[in-house]
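Visitor: Hi! Could you walk me through this model?
Guide: Gladly, let's bring it up.

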Amino acid sequence: MSDSERFITVSLDKRGVSCTARLLTDRAPITCHAVWDALPLGGDVYHAKYARNEIYTLVPPFAPEEPPLENPTITPIPGDLCYFTFSDTQLGTKSYGYETHAAHQGKATVVDLALFYERNNLLINGDAGWVPGIVWGTVVEGLDRMADACQDLWRAGAIGESLTFRRA
């Protein structure tokens with residue numbers, strides 16, 4: 001399998017829903033390499049407040065060095081997988097809704113792995129302004145099922161649900 005043919009499975013585990021994504025190794029090679037080598041990755045899922053149609057998980061840093069801002073966007077489209085790096089203070093305000101015992105609390109650096117499932121997203125944060133992300137993958141199968149599950153997550157709640165990224 002060549003680097004340009006790497007696929008992963010993105011899953012909402014409790015809901016039993018997944019989709020398949022292709023890594024964009026031609027556009028974000030450093031990020032794709034770091035993610036691929038670290039798989040599987042995952043944790044508690046959150047639904048975005050600011051970006052709109054996004055679900056994500058927060059994980060500890062796993063790359064030897066954080067990737068540069070390759071293949072950046074502030075307007076992700078349906079099926080985009082994005083990578084963000086945040087400091088503990090960037091995610092420390094109560095407005096985000098993270099409980100005090102969230103796994104990322106107290107970590108100097110936090111990695112956000114996100115899936116955008118619908119249109120009209122804009123990566124702007126009321127506290128920080130523009131938040132560009134690295135687009136490192138694109139969903140090639142199952143986005144419709146995943147989008148339905150994401151809407152259910154938004155309406156029914158995320159407690160007890162996890163988002164995982166695994167090699168397909």
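Visitor: Which residues form a nonpolar patch on the surface?
Guide: That patch is made up of Ile74, Leu122, Ile124 and Trp130, and together they have about 350 Å² of accessible area. Patch members have over 30% relative accessible area and no salt bridge, with nonpolar side chains (Val, Leu, Ile, Met, Phe, Trp, Tyr) joined within 5 Å and like charges within 9 Å. A salt bridge here is a side-chain nitrogen of Lys or Arg within 4 Å of a carboxyl oxygen of Asp or Glu, and areas come from the Shrake-Rupley method with a 1.4 Å probe, counting only the protein chains shown as cover for residues.

Visitor: What should I know about the model itself?
Guide: It is a predicted model: local features need pLDDT of at least 70 and side-chain atom pairs count only at pLDDT 80 or more, while totals for chains, interfaces and linings use all residues. Residues are numbered from 1 along each chain as its sequence is written, and side-chain values use heavy atoms, leaving out hydrogens and water.

Visitor: Why does leucine 122 count as partly exposed?
Guide: Because its relative accessibility is 37%, and partly exposed falls between buried (under 20%) and exposed (over 50%), using a 1.4 Å probe and protein chains only.

Visitor: New topic: how many aromatic pairs are there in the whole structure?
Guide: A search finds four. Rings of Phe, Tyr and Trp (its six-membered ring) pair if their centres lie within 6.5 Å; planes under 30 degrees apart are stacked, over 60 edge-to-face, and the rest tilted. One of the pairs is tyrosine 46 with tyrosine 56, which is stacked because the centres are 5.5 Å apart and the planes at 25 degrees. Tyrosine 46 sits in strand E3 (residues 41–47) and tyrosine 56 in strand E4, so this pair ties together parts 10 residues apart in sequence.

Visitor: Are those two tyrosines buried or exposed?
Guide: Tyrosine 46 is buried at 14%, and tyrosine 56 is buried at 8%. Phenylalanine 84 and phenylalanine 86 also form a stacked pair, 6.0 Å centre to centre with 15 degrees between the planes.

Visitor: And what is glutamate 54 in contact with?
Guide: Beyond neighbours within four places in sequence, its contacts (heavy atoms within 4.5 Å) include Tyr46, Phe84 and Asp112. Glutamate 54 is in strand E4 (residues 54–59) and is buried, at 5% relative accessible area.

Conventions: Helices (H or I, at least four residues) and strands (E, at least two) are DSSP runs, numbered from the N terminus.
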